[in-house]
Amino acid sequence: LATSSTGEGRSKLGPNLAVGTEASAVPTETSLGSFTHLLVYTRSWLAEQTTPTALELSDTQASVSEVDFPDLDLDPMEIGGNITWQEPNDTEQVTEYVLYLAEMALATTNGSNDSVSEAAASHGSAAAIATAVPSALKRQGNVSVGTNILVVAPETPRLDPNNSDLRAAYTHVLVYTQSS
């Protein structure tokens, strides 16, 4: 990684690659900081080339807003209704939306009284939350870009089937954007 296409302010991202290697993965959640370019240098047993091949980096984020879920199921331990949200202004990199029910316990997994969405942000992803608090999420489904509604069937249980603790009831909705 570097702050220019000529290699200024560069930092090595991974190990040297073997001859014939045509691809290498950049670890998920790699911090860009002030880096603007990804560089590839050719190296011989004698020296490293002075002019790298450079690719300008583009990192975008897209989040939904105005998530709403009026629960139309009148039973206290069941839910049902339509989850709706406002799509991001820029959906060019978004491939779909992934929706979860989440329990309030998520709000205290980082030791504070943050909202569930802030707790989700502190864990980074639904997969990280599921690892930190295994029964805290229940996937509701995936929705294509251009659609901003998911129907939760009436009589959907608010509790994980393996848990009868009312404090672990699903009380929040999380909507993640998925990119390619």
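Modeller: A residue is called buried when its relative accessible area is under 20%, exposed when that value is over 50%, and partly exposed in between, using a 1.4 Å probe and protein chains only. What you see is a predicted model, in which local features need a pLDDT of at least 70 and side-chain atom pairs count only at pLDDT 80 or more, while totals for chains, interfaces and linings use all residues. Residues are numbered from 1 along each chain as its sequence is written, and side-chain values use heavy atoms, with hydrogens and water left out.

Some background comes before the close look. The chain holds 2 helices and 8 strands, where helices (H or I, at least four residues) and strands (E, at least two) are DSSP runs numbered from the N terminus. Along the sequence these elements follow the pattern β-β-β-β-β-α-α-β-β-β. Of the 180 residues in the chain, 28% are buried.

In one of them, 3 strands form an open, antiparallel sheet in the order 6-5-8, two strands being paired if DSSP finds at least two bridges between them. Strand 6 (137-144) and strand 8 (170-179) are the edge strands, each pairing on one side only. Neighbouring strands here are turned against each other by 20 degrees on average, direction ignored; for such angles, axes are lines fitted to C-alpha atoms (for helices, over the stretch in contact), and the angles run from 0 to 180 degrees between N-to-C directions. Strand 5, which covers residues 94-103, pairs with strand 6 in the antiparallel sense over 7 bridges, and Tyr100 stands opposite Arg139 in strand 6.

Another open sheet is built from 3 strands in the order 3-4-7, again with antiparallel pairing. Its edge strands, strand 3 (65-68) and strand 7, each pair on one side only, and the twist from one strand to the next averages 15 degrees. Strand 3 and strand 4 are joined in the antiparallel sense over 2 bridges, and Ser65 has Gln86 of strand 4 as its bridge partner.

We can now turn to the aromatic side chains. There are 2 aromatic pairs in the structure; rings of Phe, Tyr and Trp (its six-membered ring) pair if their centres lie within 6.5 Å, and planes under 30 degrees apart count as stacked, over 60 as edge-to-face and the rest as tilted. Trp85 and Tyr97 have ring centres 5.5 Å apart and planes at 65 degrees, so this pair is edge-to-face. Because Trp85 lies in strand 4 (residues 78-86) and Tyr97 in strand 5, the pair ties together parts that are 12 residues apart in sequence. Trp85 counts as buried at 2% relative accessibility, and Tyr97 is buried as well, with a relative accessible area of 0%.

Tyr100 and Tyr176 also form an edge-to-face pair, 5.9 Å from centre to centre with 90 degrees between the planes. This pair links distant parts of the chain, since Tyr100 is in strand 5 and Tyr176 in strand 8, 76 residues apart. Tyr100 is counted as buried at 12% relative accessibility, and Tyr176 is likewise counted as buried at 18%.

Residues up to four places away in sequence not being counted, Leu150 touches Gly81, Asn82, Ile83, Trp85, Leu99, Gln140, Gly141 and Val143, contact meaning heavy atoms within 4.5 Å. Over the chain as a whole, 64% of the contacts between residues at least 6 apart in sequence join residues at least 24 apart.
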